[in-house]
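Subject: Structure handover

Hello,

Here is the structure you are taking over. Please open it next to this message, as the notes below go through it part by part.

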Amino acid sequence: MLSSPMLLSLTLFLSLPIFLFFSPQLLPPTYFPFSSSDADDLALFRRATAAPSTAAAHTTTHLATSTNPKPKIAFLFLTNSNLSFAPLWEKFFAGNHHLFNIYIHADPSAGVVSPGGVFHRSHFIPSKKTQRASPTLIAAARRLLAYALLDDPLNQYLALVSQHCIPLFSFRFVYNYLFKNPLTSLASFAGSDYTYPYHSFIEILSDEPNLYDRYSARGENAMLPEVPFEAFRVGSQFFVLTRRHAALVLRDRRLWKKFRLPCVTEEPCYPEEHYFPTLLSMEDPNGCTGFTLTRVNWTGCWDGHPHLYTPPEVSPDLFRRLRKSNSSYSYLFARKFSPDCLAPLMDMADDVIFRD
């Protein structure tokens, strides 16, 4: 006859398959906000947002070896095709190599190649596939921000642009516009999140006509409780962020958990136009202008794509209109231009575009 301990052990052993079969129903589900494919991104973001003391030490060392360090603008190209306007950007960047860096996130399925020239020294960062109406465009922008933070501590402004964007002024005009306030001591704030004296240029709107449709694109209550409707914002996909706001974006896990959810309706699903303005509006509204520096023409558009300028439209008068702003801020870039606009744009480059 079996002893009590042996009987108990046998009973537990025989009941184990039954427990495993019913455990999904008995135990609460485990929610993993980040899939395994996010692991490399999360590791990258952690490195890019290292402890301020480490960043400050790196920056101080960098400054000590430089006679006259100046802040830089990091240009972040988010593209799914070759950079058709590379020759125009080449003229824009010419002679200012010590004041900028270029980072390119190219969709790996697009076969994008380096256009050479000034782009030869740019950084083609490890990229992942992007798709419209999905959070992949947010993820790509965050990767660009992370690599720019890691690569050069002098990258103090980070400008996200696309292959369809063009500059409206010379580089010197753009640089002086962004850094028009004097940098009293770059070493004193380069590693800090709190003393940087500049604002980010990102559109933040709360009165979009179809704002609720955009908010409920993932389901009526899917954004709660992290993002109540009153906090939801919309804005341009393209922006110019300060270094401290780029770090703030990379540290975020709470809102990204919501904005990475798939949409149940496709038409108002433009996560990249919602995540960044909502996050920065919730975290630091006074640190943002609420204005984008990239001019876009939405007149008569209904499919989520802005007006596409074609060669017959390219003229000095067009540039006068693109530069005009109803705000106290100026537009520095514009989109969306078809690739065949390159020739007329190059014809006007010296006499119109870069003649501030």
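Thr 294 counts as buried because its relative accessibility is 5%; buried means under 20% relative accessible area, exposed means over 50%, and partly exposed is in between, with a 1.4 Å probe and protein chains only. Thr 294 is found in strand β9.

Before the rest, some notes on the source. This is a predicted model, in which local features need pLDDT of at least 70 and side-chain atom pairs count only at pLDDT 80 or more, while totals for chains, interfaces and linings use all residues. Residues are numbered from 1 along each chain as its sequence is written, and side-chain values use heavy atoms, with hydrogens and water left out.

The sheet around β9

Helices (H or I, at least four residues) and strands (E, at least two) are DSSP runs, numbered from the N terminus. Strand β9 belongs to an open sheet of 3 strands in the order β5-β10-β9, with mixed pairing. Its edge strands are β5 (166–167) and β9 (294–296), each of which pairs on one side only. Two strands pair if DSSP finds at least two bridges between them. Between β9 and β10 (residues 333–335) there are 3 bridges, in the parallel sense. Within this pair, Arg 295 stands opposite Ala 334 of β10.

Strand β1

Strand β1 runs parallel to β4 (residues 155–162), and 7 bridges join them. In that pairing, Ile 73 stands opposite Tyr 157 of β4. Strand β1 also runs parallel to β2 (residues 100–106), again with 7 bridges. Here the bridge partner of Phe 75 is Ile 102. Together with helix α4 (residues 86–93), β1 and β2 make a right-handed β-α-β unit. A crossover is right-handed if, with the strands pointing away from the viewer, the path from the first strand over the helix to the second runs clockwise.

The largest pocket

The largest pocket has a volume of about 1000 Å³. A pocket is found on a 1 Å grid over the protein atoms alone, as an open set of points with protein on both sides within 12 Å along at least five of seven lines, and lining residues have an atom within 4 Å of a point. The volume is the space filled by probe spheres set on the points, which are joined across faces, edges and corners.

The lining has 41 residues, and Gln 237, Glu 273, Trp 298, Gly 304 and Arg 335 lie nearest the centre of the pocket. Strands β1 and β9 each supply at least two residues of the lining. The largest share, 3 residues, comes from β9. By class, the lining has 13 nonpolar, 16 polar and 12 charged residues. Ala, Val, Leu, Ile, Met, Phe, Trp, Tyr, Cys and Pro count as nonpolar, Asp, Glu, Lys and Arg as charged, and the others, Gly among them, as polar.

Cysteines

Which cysteines form a disulfide? Cys 263 and Cys 269 do, with their sulfur atoms 1.9 Å apart; a disulfide is a pair of cysteine sulfur atoms within 2.5 Å. The torsion about their S-S bond is about 65°, so the disulfide is right-handed. Cys 263 is partly exposed, with a relative accessible area of 23%, whereas Cys 269 is buried at 2% relative accessibility. Cys 288 is buried at 9% relative accessibility, and Cys 341 is buried at 0%.

Backbone points to check

Most residues other than glycine have a negative phi, and most peptide bonds are trans. The peptide bond from Leu 224 to Pro 225 is cis, with omega near 0°. Pro 225 is found in the loop between α8 (211–215) and β7 (240–242). The peptide bond from Arg 335 to Lys 336 is also cis, with omega near 25°. Lys 336 lies in the loop between β10 and α13 (342–353).

Ala 133 is not a glycine, yet has a positive phi of about 60°. Ala 133 lies in the loop between β3 (123–124) and α5 (136–151), and is partly exposed, with a relative accessible area of 22%.

Regards

Methods. On a 1 Å grid over the protein atoms alone, a cavity is a set of points where a 1.4 Å probe fits but cannot get out, and a pocket is an open set with protein on both sides within 12 Å along at least five of seven lines; lining residues have an atom within 4 Å of a point.
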